[in-house]
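Here are a few notes from my pass through this one. Have the structure open as you read.

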Amino acid sequence: MPASDPRAKDASYKCQDTSAMALRGVKVVELAGLAPAPFCGLILSDFGAKVTRVDKARAAMSMDMLGRGKRSVALNLKQPEGVDVLRRMCQKSDVLIEPFRAGVMERLGLGPDVLMKDNPGLIYARMTGFGQSGPFSQMAGHDINYISLSGMLSILGRKHENPIPPTNLLGDFAGGGLTCALGILMALFERTTSGKGQVIDANMVEGASYVGSFIWHTRFMFSHERGENLLDTGAHFYETYKTKDGKYMAVGALEPQFYAQLLEGLGLTNEDLPPQMDRDSWPSMKERFATIFSSKTQAEWCEVFDGTDACTTPILSLEEAPNHPHNTSRDSFLTNQDGGVQPRPAPVLSRTPGVGGVGPQPKVGQHTKEVMVETGFSEEEIQKLADCGAVDLGGIKSAL
């Protein structure tokens, strides 16, 4: 659905039927967290799994910005009654995603030894920064700390500058949530033959390192100082350039035939230029390219390079990307009821694609009663648990 689709503001518009999706029938319990665990749950939900997020009872709001398609149950896990509710939920689920430091679940009486005894087929996914063991397993950290320990942060940045983290994409999402989702899918597939669940130790240090496998196997390509190599802005033909109107172009003309088209577009085909791979000429060629790119606007450069093999494209903002002709032609972005734009689930499956619409973020505790009924609790049990504060039947609005 393009960003301009009129259904975007139709409050009655619903996400597509999950019965046609790849993960239909898979039940997931996701303990509320930030960034990697919610992204993992989002991936599963986007492709048809029924994901129930467990929020804290009496929470003022949820900090989960990745809650589309999920349900919310509010429990007080400091009370044994709340712990019992979660145990019963996990008995009827396929997957548990937990985002806490090593040992927290065990102290709550919800460790793998307990939950997998209740349900031997449970996939118990543990999403942490440093992993379940090791000297750092009890330390606090964030994406930047995890990718620093992975070795990946050391190669990111420009010459003579400090390493630059790529926001929190590499640790939280690529090495964290996405890798955890991959582990869950592999465990679910393996379970079809063994009938058994297993524990997944997904952590961002090892996940980021694994995402960087190409770097580890091609370290000879990164043998120079940061910012002086082929793919880290050392080369003039793999770089970004500012245009006349203050926007930018991305250049990635690595192969000789693509480099030739780049030179043609820049008007340099008749010039006496050094060989492309002459490293000594890279700094001066970069200055020359910068001067040329600054002579036209981004739109003018798009007229030159669109449709060519020069590997030169506009750097689009988050506001511009959904409206680019290529992206609109593929319906690459979805629009929610409030007009907000989000990426369509990727990859695109031919028979069982992901969600084709964006539903609202769940309110905290919005589905507590619904899920408890599904789990087998009676109306009387539910009310007693609410009265003692073990569950919250509220529906306090989330952060969105």
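**Notes on the sheet, the loops and the surface**

1. Let's start at the end of a strand: Leu-75 stands opposite Val-391 in E12. Two bridges join E3 to E12, and the two strands run antiparallel. Keep in mind that this is a predicted model.

2. How covered is strand E3 (residues 71-75)? Mostly: five of its five residues are buried. Arg-71, Val-73 and Leu-75 point one way from the strand, while Ser-72 and Ala-74 point the other way, and all are buried. In a regular strand, side chains alternate between the two faces of the sheet.

3. Now for the whole sheet. It is open, has seven strands and mixed pairing, and its order is E6-E5-E4-E1-E2-E3-E12. Strand E6 (199-203) and strand E12 (391-392) are the edges, each pairing on one side only.

4. If you want a pair to look at, Ala-125 stands opposite Ile-200 in E6.

5. Some backbone geometry deserves a look. Most residues other than glycine have a negative phi, and most peptide bonds are trans. His-160 has a positive phi, near 65°, and Thr-167 also has a positive value, about 50°. His-160 lies in the loop between helix H5 (143-150) and helix H6 (169-194), and Thr-167 is likewise in the loop between H5 and H6.

6. Are those two buried or exposed? His-160 counts as exposed because its relative accessibility is 75%. Thr-167 has a relative accessible area of 55%, so it is exposed as well.

7. Please also check the peptide bond between Ala-346 and Pro-347: it is cis, with omega about 0°. Pro-347 sits in the loop between strand E11 (341-343) and helix H13 (368-375).

8. Last, the surface. Which residues form the negative patch? They are Asp-245, Glu-300, Glu-303 and Asp-306. Asp-306 is found in the loop between helix H11 (298-305) and strand E9 (312-314). With a relative accessible area of 46%, Asp-306 is partly exposed, because exposed would need over 50%.

Note on methods
Residues are numbered from 1 along each chain as its sequence is written. This is a predicted model: local features need pLDDT of at least 70, side-chain atom pairs count only at pLDDT 80 or more; totals for chains, interfaces and linings use all residues. Side-chain values use heavy atoms; hydrogens and water are left out. Patches are made of residues with over 30% relative accessible area and no salt bridge: like charges are joined within 9 Å, nonpolar side chains (Val, Leu, Ile, Met, Phe, Trp, Tyr) within 5 Å. Accessible areas come from the Shrake-Rupley method with a 1.4 Å probe; for residues, only the protein chains shown count as cover. A salt bridge is a side-chain nitrogen of Lys or Arg within 4 Å of a carboxyl oxygen of Asp or Glu. Lys and Arg count as positive and Asp and Glu as negative; His and the chain ends are not counted. The place of a charge is taken as NZ of Lys, CZ of Arg, CG of Asp or CD of Glu. Helices (H or I, at least four residues) and strands (E, at least two) are DSSP runs, numbered from the N terminus. Buried means under 20% relative accessible area, exposed over 50%, partly exposed in between (1.4 Å probe, protein chains only). Two strands pair if DSSP finds at least two bridges between them.
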